[in-house]
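Hi,

Here is the structure I promised to pass on.

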Amino acid sequence: MGHAAGLRAGTRYAFSRDFRKKGFIRLSTYLQQYKVGDIVDLRVNGAVQKGMPHKVYHGKTGVVFNVAKSAVGVIIYKKVGNRYLEKRLNVRIEHVTHSRSREDFIKRVKANAAAKKEAKEKGITVEVKRQPAKPRDARTVSLKDNHPETVVPLAYETTI
C-alpha cells in the first residue's frame, strides 16, 4: 500500500487533544493578550481548523510581529538545507501560547540586579556569574560497625 502524503499526514497524535482536555476551548485562551515582540510557542489545537499552522511548525517558538482581532503574526526560523529561513505565519490565537523559555533568565536577571544593589549599599563586590558545579568534598567512610559486604548475584534456579 502507498503512504498518504496529505497536509495533515502523520498528525494523529500531534494534533489530538490531551487527556481530559477535550471539548470546549477554555475562555482564558481567548483572553490572553499578545503584544508585538512577545515570544510565543506554536501548539496546534486540533479542534480549530481555521488559522492552523502547518504540522512542520507545531512545537516551534517564534516572535509576534503582528496582532489582529483573532490572530497573531509570528516569525519562525525554519531550517532548510544548511540555512535558516525566516517564515512569517498568521496563526489564530487558539494555536499560540506564551513561551516560558525566558522565565528562568528574567528571574536570574532580577535576582542579580537585587544582589548588585544590596552589595553596592554595603560597599562589597558580589559575583553574579553562574559557576559550574564544583567537585564534591572528600569524605571518609568509617568501618566501625559498618563491615564491608561482598555482593554476589543469586544462582539461577529453575522451578518447573
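To start with the strands: how many bridges join E3 to strand E4 (residues 83-92)? There are 10 bridges, and the two strands run antiparallel. Strands are DSSP runs labelled E of at least two residues, helices are H or I runs of at least four, and both are numbered from the N terminus. Two strands pair if DSSP finds at least two bridges between them.

A word on where this comes from: it is a predicted model, in which local features need pLDDT of at least 70 and side-chain atom pairs count only at pLDDT 80 or more, while totals for chains, interfaces and linings use all residues. Residues are numbered from 1 along each chain as its sequence is written, and side-chain values use heavy atoms, with hydrogens and water left out.

Now the layout. The protein has two helices and five strands, and from the N terminus on they run α-β-β-β-β-β-α.

Here is how the strands pair up:

- Strand E1 (residues 39-42) and E2 are antiparallel, with three bridges. Ile39 stands opposite Val63 in E2.
- Strand E2 (residues 61-67) and strand E3 (residues 71-80) are antiparallel too, with four bridges. Val64 has Val74 as its bridge partner in E3, and Val67 has Val72. A hairpin of three residues connects E2 to E3.
- The hairpin here has two residues between the strands, and Gly81 takes a positive phi near 65° in it.

If you look at the side chains along these strands, keep in mind that in a regular strand they alternate between the two faces of the sheet.

Next, the overall shape. The protein has a radius of gyration of 27 Å, whereas a compact globule of 160 residues would be near 15 Å. That radius is taken over C-alpha atoms, and the globule rule is 2.2 Å times the number of residues to the power 0.38. Along the principal axes, the C-alpha atoms fill a box of roughly 80 × 75 × 40 Å. Of the 160 residues, 19% count as buried (buried is under 20% relative accessible area, exposed is over 50%, and partly exposed is in between, with a 1.4 Å probe and protein chains only). As for contacts (heavy atoms within 4.5 Å), residues 24 or more positions apart account for 54% of those with a separation of 6 or more.

On charge, there are 34 positive and 14 negative side chains, and the centres of the two sets lie 12 Å apart. Lys and Arg count as positive and Asp and Glu as negative, with His and the chain ends not counted; each charge is placed at NZ of Lys, CZ of Arg, CG of Asp or CD of Glu.

Finally, a few single residues. Is Thr11 buried or exposed? Thr11 is buried, at a relative accessible area of 8%. Thr11 lies in the segment before helix H1 (27-31), and leaving aside neighbours within four places in sequence, Thr11 is in contact with Ser16 and Lys55.

Most residues other than glycine have a negative phi. Arg20 has a positive one, near 60°; Arg20 sits in the segment before H1 and counts as exposed at 73% relative accessibility. Asp145 is not a glycine either, yet has a positive phi of about 60°. Asp145 is in the segment after helix H2 (103-122) and is exposed, with a relative accessible area of 72%.

Cheers
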